[in-house]
Amino acid sequence: ARVEEAARAEAERAEAERVRLEAERVESERVQAEETGAVPVAFETGESAEQAGEEHRASVEDLLAEAQRAEEGGRGNPKNFREAARLYGEAAERGSCQAQCRLADMLIEGRRIPRNVTRAKELYTMAADQGDAGAVLALANLYDRGAAEIRRDRARATSLYAKAAELGDRDAQFLLGNRYRK
């Protein structure tokens with residue numbers, strides 16, 4: 001449980017850093033706009049970079065919540081996988097590890113959306129680059145098993161299992177242990 005908490009905390013830190021960087025970018029644009037005298041309407045409210053970052057984060061969280069509702073259906077609404085994929089895609093473009101992994105999962109499964117292992121690999125890589133242990137494990141599995149678009153590479157898979165294990169993923173620790181036991 002501690003390892004999972006540590007991995008979750010690391011993912012949260014990565015997300016917070018991404019939000020902080022986005023907020024800095026927004027604040028920098030605001031300052032530059034003020035210096036040139038062309039202050040966009042959005043900045044006339046005196047919104048701070050921190051507030052802009054929080055709004056960005058809230059909108060990503062809103063996208064994730066909407067995507068999950070579309071994927072699961074319920075409350076009289078049918079499941080809508082295409083809409084879920086679209087919403088996850090929008091959140092993924094904004095840097096959400098959770099959205100990147102969920103959309104990649106959907107693309108691997110080919111659940112009511114076209115299967116696209118190459119795009120799934122790209123999304124898992126984006127999340128893995130942000131320190132998401134689950135994404136690293138998913139990449140390891142892709143290389144371990146191979147897929148139509150991905151050549152099997154056991155050495156690369158082992159390296160990725162080791163990285164995921166180091167990030168605290170218990171499944172990766174188990175799989176890596178079995179590799180060395182053989």
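Which residues touch the most other members of the largest nonpolar core?

1. Core centre. Tyr 88, Met 106 and Tyr 124 do, in a core of 42 residues. The elements that supply two or more residues each are H2 (49–72), H3 (81–93), H4 (97–109), H5 (117–129), H6 (133–145), H7 (154–166) and H8 (170–181). The largest contribution is that of H6, which gives 8 residues.

2. Confidence. The model is predicted. Its average pLDDT is 81, and 75% of the residues score at least 70. For residues 38–54 the pLDDT is below 50, although this stretch still has 21 contacts in the model beyond near neighbours in sequence.

3. Fold content. The protein has 8 helices and 0 strands. Read from the N terminus, the order of elements is α-α-α-α-α-α-α-α. Of the contacts between residues at least 6 apart in sequence, 46% join residues at least 24 apart.

4. Surface and burial. Buried residues account for 41% of the 182 residues in the protein. The accessible surface is about 11000 Å², and carbon and sulfur atoms hold 47% of that area.

5. Tyr 124. Once neighbours within four places in sequence are set aside, Tyr 124 is in contact with Cys 101, Ala 104, Asp 105, Ile 108, Ala 135, Ala 138, Leu 139 and Leu 142. Tyr 124 is also one of the residues that touch the most other members of the core.

6. Leu 123. This residue lies in helix H5. Leu 123 counts as buried because its relative accessibility is 0%, and the cut-off for buried is under 20%. Residues up to four places away in sequence aside, Leu 123 touches Ala 92, Gln 100, Leu 103, Ala 104 and Leu 107. Ala 92 is 31 residues from Leu 123 along the chain, and their C-alpha atoms are separated by 7.9 Å.

7. Asn 141. Not counting residues up to four places away in sequence, Asn 141 touches Gly 146, Tyr 161 and Leu 175.

Definitions and conventions: Residues numbered from 1 in each chain as written. Predicted model: local features only at pLDDT ≥ 70, side-chain atom pairs only at ≥ 80, totals over all residues. Heavy atoms only, no water. Core = buried A, V, L, I, M, F, W, Y, C linked by side-chain atoms within 4.5 Å. Buried < 20%, exposed > 50% of the residue type's maximum accessible area, 1.4 Å probe, protein only. Helix = DSSP H or I, 4+ residues; strand = E, 2+ residues; numbered from the N terminus. Contact = heavy atoms within 4.5 Å. Areas by Shrake-Rupley, 256 points an atom, 1.4 Å probe, with all protein chains shown as cover. pLDDT = per-residue confidence, 0-100.
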